[in-house]
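Let's take a friendly walk through the pockets of this model and then turn to its sheet.

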Amino acid sequence: RALEYPQVEVMEKTRVDGLVWDSDRVFGVEVVHNNGERSEIYGDLVVGADGMRSRVAQWVQAEKYNDLPALRPVFYGYYEGVDPLEEPATEIFLQDGRIGFLFPMEPGRDCLGLEIHPEEFKEFTRNPQQMFEHYYGQFYRMNIRLKQAKLQGRITGGAGVENFFRKPYGKGWALIGDAAHSKDPSTG
């Protein structure tokens with residue numbers, strides 16, 4: 001595929017370590033190569049597509065607005081042996097203000113997600129597997145479907161997702177995706 005885009009060069013194991021500025025305009029990036037060598041790469045536009053904790057956004061001091069803290073703690077785990085539906089499907093459960101998600105991953109293995117109330121977060125983190133299975137078992141028929149299920153690994157999660165917009169452009173730079181706008185995928 002590289003032959004289709006001869007002007008594109010892929011630089012594996014290379015880290016962007018800063019921006020190259022000319023007064024108030026970005027015109028490139030500083031990189032560190034795998035061997036430790038540093039160099040500069042120049043371009044008409046630097047695009048930050050580096051997620052909600054975007055370093056590009058930090059370097060250009062992109063203004064945040066409509067900034068809200070995380071609203072809903074979320075946890076997930078991979079389970080084997082959940083009694084499946086007749087046809088695999090993504091499932092969403094709503095009960096007592098909690099939101100459950102079941103994502104079929106492969107035969108016999110599912111990713112289960114759970115959004116809880118913020119005031120439950122601290123207690124939840126003391127024993128995540130027990131709390132996760134307790135609340136998940138309250139969703140419609142899940143107490144039955146989880147009887148033979150076994151957690152693979154551990155329950156993972158956190159306080160939730162920050163919600164914000166950032167000014168997505170400036171002189172010589174632009175932000176896309178979560179670098180420019182992040183929101184809780186469930187509560188929006």
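## The second largest pocket

Strand E8 gives the most to the lining of the second largest pocket, with four residues. Strands here are DSSP runs of E, at least two residues, and helices are runs of H or I, at least four, numbered from the N terminus. This pocket holds about 170 Å³ of space. Of its 17 lining residues, the closest to the centre are Pro84, Leu85, Pro88, Pro104 and Asp110. By type, the lining has nine nonpolar, one polar and seven charged residues.

A pocket is an open set of points on a 1 Å grid over the protein atoms alone, where a 1.4 Å probe fits, with protein on both sides within 12 Å along at least five of seven lines; lining residues have an atom within 4 Å of a point. A volume is the space filled by probe spheres set on the points.

## Model and numbering

This is a predicted model, where local features need pLDDT of at least 70, side-chain atom pairs count only at pLDDT 80 or more, and totals for chains, interfaces and linings use all residues. Residues are numbered from 1 along each chain as its sequence is written, and side-chain values use heavy atoms, with hydrogens and water left out.

## The largest pocket

About 380 Å³ of space lies in the largest pocket. Val16, Val29, Leu45, Val46 and Val47 are the closest to its centre among 19 lining residues.

## The sheet

E1, E2 and E3 form an open antiparallel sheet in that order, with pairing taken as at least two DSSP bridges between two strands. Five bridges join E2 to E3.

Technical notes: Ala, Val, Leu, Ile, Met, Phe, Trp, Tyr, Cys and Pro count as nonpolar, Asp, Glu, Lys and Arg as charged, and the others, Gly among them, as polar.
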